[in-house]
Amino acid sequence: MTRAGFPAILVTHLPDVRYLSGFTGSSAAVAITRRSARLFTDGRYRTQAAEEVEAARVEIVSNSPAVSAVEWLAAEPSVLLAGFDPAQTTVAELMRWKRALPARLRRTFLAALPASLVEGLRTIKDEDELAVMTEAALIGCKLFDHIVTAIRPGIREIDVAAELEHQARLMGAEGMSFETIAASGARSALPHGRATDMPLPRRGFLTLDFGVILKGYCSDMTRTVFLGRPKAEERRAYGAVLEAQQAAVAAVGSGVSCGDVDEAARAVLRREGLAEAFSHSTGHGVGLEIHEPPRIGSGQTTRLQPGMVVTIEPGVYFEGRFGIRIEDMVAVTRTGGQVLTPAPKALIEL
Ligand code: ZN
Ligand code: ZN
């Protein structure tokens, strides 16, 4: 806050609130000055907030927690300026906050932070966070091992997704990180093909992209399997994606730019004549949210640092025919990258 030139900040994005305070409820705002911090929430969370919140005083309010937080900050004589995260604030919210201020402060008191201060902290995971994320990723691997035994022609994509999600809960997941992707046959060419009532084909790829939430932290992995026997072209495309994925995993290391990691995958697919079919970036950060900074994309200059957790997920997509993606979660360490999702990646034929 000092470096950014702000004597106070208002935090309303719930993953940021959780990160800073431990509070997991669905309605809260945190106000932070150089001397103190206060979490505002409503009466539904009186007991929960008392149990979860450590580093801030809790105040139960009957109107909007964010408005209460703004009013509290404005009442602090030492605070003449408070920052908020413009990426997490709607125009309507900002208008509402301003209306709650005394007239003399309305124009100058609230200012957009140049960059989210909390998001930056969240990109570097500490040991406790890494332990939880490792466990979440391993649940994902166990789910994949299980689901492989259930896949057969004729069952629907939603049957696969339902079984995966049912088992996830039984294995301790709080929920799924995002809507499970199960895309078979020609639908595997849709990078984000949600599970439909389409029956699995006798012959063709099935892409499974899924993740679980454990203690608030998301896992994310993709495996593509084949039903029946692949043709030479399909086998070759799979081999190229696997090689690209492994090259990018090997490129992960402290100090390496995200653009260079992306290029490691892209170069392999370019060499194989598949550059055009790789239509998205190589990966993304993951943590309390499924998509966080840094972005592993072409030309990205952000440098990886120990404690970051990123996905590596190149893919190729041929409209109307087939698609393939392979995704791991990788933790950046001092000496390289540690794969958190060790499920098999050699092509599985079912
Ligand atoms: Zn994914
Ligand atoms: Zn992903």
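Colleague: Which residue just after α1 takes a positive phi?
Modeller: Gly-22 does, with a phi of about 90 degrees. Helices here are DSSP runs of H or I with at least four residues, and strands are runs of E with at least two, numbered from the N terminus.

Colleague: What kind of model is this, and how is it numbered?
Modeller: It is a predicted model, in which local features need pLDDT of at least 70 and side-chain atom pairs pLDDT 80 or more, while totals for chains, interfaces and linings use all residues. Residues are numbered from 1 along each chain as written, chains are lettered from A and ligands numbered from 1 in the order written, and side-chain values use heavy atoms, without hydrogens or water.

Colleague: Which residues of α1 are buried?
Modeller: In α1 (residues 14-21) they are Pro-15, Asp-16, Val-17 and Ser-21. Buried means under 20% relative accessible area, exposed over 50%, and partly exposed in between, with a 1.4 Å probe and protein chains only.

Colleague: What covers them?
Modeller: The cover includes β1 (8-11), β2 (28-33), β3 (37-41), α2 (46-52) and α5 (117-122).

Colleague: Changing topic, what coordinates the zinc ion (ligand 1)?
Modeller: Asp-209 supplies two OD entries, Asp-220 one OD and Glu-327 one OE, at 2.0 to 2.7 Å. Donors are N, O and S atoms within 2.8 Å of the metal (3.2 Å for Na, K and Ca), and water is not among the atoms, so sites may look incomplete.

Colleague: Why is the arrangement irregular?
Modeller: The four donor atoms subtend angles of 53 to 153 degrees, which makes it irregular. Four donors would be tetrahedral with all angles between 85 and 135 degrees; four would be square planar, and six octahedral, with opposite donors over 155 degrees apart and all others between 65 and 115; anything else is irregular.

Colleague: How are the donor residues spaced in sequence?
Modeller: The spacing is D-x10-D-x106-E. Asp-209 lies in strand β9 (residues 204-210) and Glu-327 in the loop between β17 (322-325) and β18 (328-332), so placed that this pair, 118 residues apart, links distant parts of the chain.

Colleague: Are Asp-209 and Glu-327 buried or exposed?
Modeller: Asp-209 is buried, as is Glu-327.

Colleague: How far apart are the two zinc ions, ligand 1 and ligand 2?
Modeller: They are 3.1 Å apart, and Asp-220 coordinates both.

Colleague: Finally, where is Arg-334, and is it buried or exposed?
Modeller: Arg-334 sits in the loop between β18 and β19 (337-339). At 75% relative accessibility, Arg-334 counts as exposed.

Colleague: What is it in contact with?
Modeller: Setting aside neighbours within four places in sequence, Arg-334 is in contact with Ser-254 and Pro-306, contact being heavy atoms within 4.5 Å.
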